[in-house]
Structures are given as structure tokens and as C-alpha cells.
Amino acid sequence: MSENSNNTKIVAKKAKAYEIKVLQRFARAKKLLVLDLDHTLLHDKWEEFVPEQRPFLHQFLAKVAKSFNLMIWSDSPLDRIWSVLEELGMDSNKDYGIKAILCRKAVVNIKSEGAWVRCKPLSIIWNKYPFFGPQNTIIVDDIEENFFLNKKSGVLIKEFRAGMKKDVELLKLGKYLVKIARRSSFENIDHTKWESN
Ligand SMILES: [Mg+2]
């Protein structure tokens, strides 16, 4: 079997088996924003009790929630994702709501040219919620490999590390996302140059 058809099989199987944790109803009129946690929205240092949030975190989420349904997809266990959201107050902010969560069990390992690639295939979401698709979905991550199967939907963000007090990535990203949210489709947008937009 070719790598491609084998990968398609792996993803289809995962899409069938994995249960997305839905917390709130999706707003059909809004688009979909899938956000990574670690080094995208925060840095969790093992020696600290509470993770350090990226500057402008809540401001960013409140801003983009007006145009997007927000999902968190982290390559960690579900119980850790819950506690991080709780610790940072992302589970109870009155200015935005997290609509759904995907955990490490939804991440797949596929093969490309003989090498293993670990990634977050958006078709796991799209298969279950067909009103979302490449036309209205963005995935944001600090690791490019995570959108290996959805290169055109991926927005790569600079890695955040604790102590980066002057980091303004989320401010810039919020502006970019609100701007493109007005488009009827995302399919012809080149996100590789998002920072100069
Ligand atoms: Mg990350």
C-alpha cells in the first residue's frame, strides 16, 4: 500500500474512533479557529504551579471569538488540558468561550517519504462537523509539522517561552485573523506571510 493511501486510512480510522469534547454549541455563522496550547498560548514550566500565559492571551481570544468558534487541540492528555484551561481562567472567561477540545489521542503518526510525521489532521473535525472545512478553518501552532496534512490551513506562530514579556505575537495574530475572517473563503490565502500582513 502506498504511503498516501495508508495515511488516509490512519486518519479515517482516527476520525471515526475519536470523540471530540464539545463544550458549547458551534455558531454556524462563524469560522473555526483551532489553537495549540504549549508554546502557542502559554509555557508550562514543570517547576511552577501555574503555566505562564502568553502576553495578550485573553484579549486575543476575546477578539477572535467574535469571528471564530474556538477549539483547543493540544498534544497532551485531556485532564492536563482541563487543568491548564482552569488555571489560566480560559474555561470561565465571560468574553469568550472554548467550544471544543481535542487531546493527544486525536494526534496521528503518519509516514512521509519513509519518515514519521506527527500531526493534527483537520479532517478529524471536518468529518464530524461538515459545516467546517478548508474554506473556513485556521489552525495555529508553533510546530509546522502539526499541520502537515493541512498546509494551506496552517498559521505558524513563533514559539513562546516563559519570560518573554514583550512578546506581541498574539496581538499581531488577532489583527490578521480578524482581517481574513471577512473573506468568504480561506482557500486561496497564503498564510506563510501572515506576519507581514
Ligand atoms: Mg506547541
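**Strand β2 and its surroundings**

Strand β2 is joined by 4 bridges to strand β9 (residues 137–141), and the two run parallel. Within this pairing, L33 has I138 of β9 as its bridge partner. The model described here is a predicted one.

Strand β2 covers residues 31–35 and is mostly covered, with 5 of its 5 residues buried. In a regular strand, side chains alternate between the two faces of the sheet. In β2, K31, L33 and L35 point one way, while L32 and V34 point the other way, and all of them are buried.

P77 counts as exposed because it has 12 C-beta neighbours inside 10 Å. Apart from its neighbours within four places in sequence, P77 is in contact with C103 and R104. P77 and C103 are 26 residues apart in sequence, yet their C-alpha atoms are 5.8 Å apart in space.

The protein as a whole contains 5 helices and 10 strands. Its radius of gyration is 16 Å, close to the 16 Å that the globule rule gives for 197 residues, so the protein is as compact as a globular protein of that length. The C-alpha trace spans about 50 × 40 × 35 Å along its principal axes. Of the 197 residues, 33% are buried. Among contacts with a separation of 6 or more, 71% are between residues 24 or more positions apart.

Conventions: Residues are numbered from 1 along each chain as its sequence is written. This is a predicted model: local features need pLDDT of at least 70, side-chain atom pairs count only at pLDDT 80 or more; totals for chains, interfaces and linings use all residues. The radius of gyration is taken over C-alpha atoms; the globule rule is 2.2 Å times the number of residues to the power 0.38. A residue is buried if 20 or more other C-beta atoms lie within 10 Å of its own, exposed if 12 or fewer, and partly exposed in between; C-beta atoms are placed from the backbone. Two residues are in contact if their C-beta atoms, placed from the backbone, lie within 7 Å. Two strands pair if DSSP finds at least two bridges between them.
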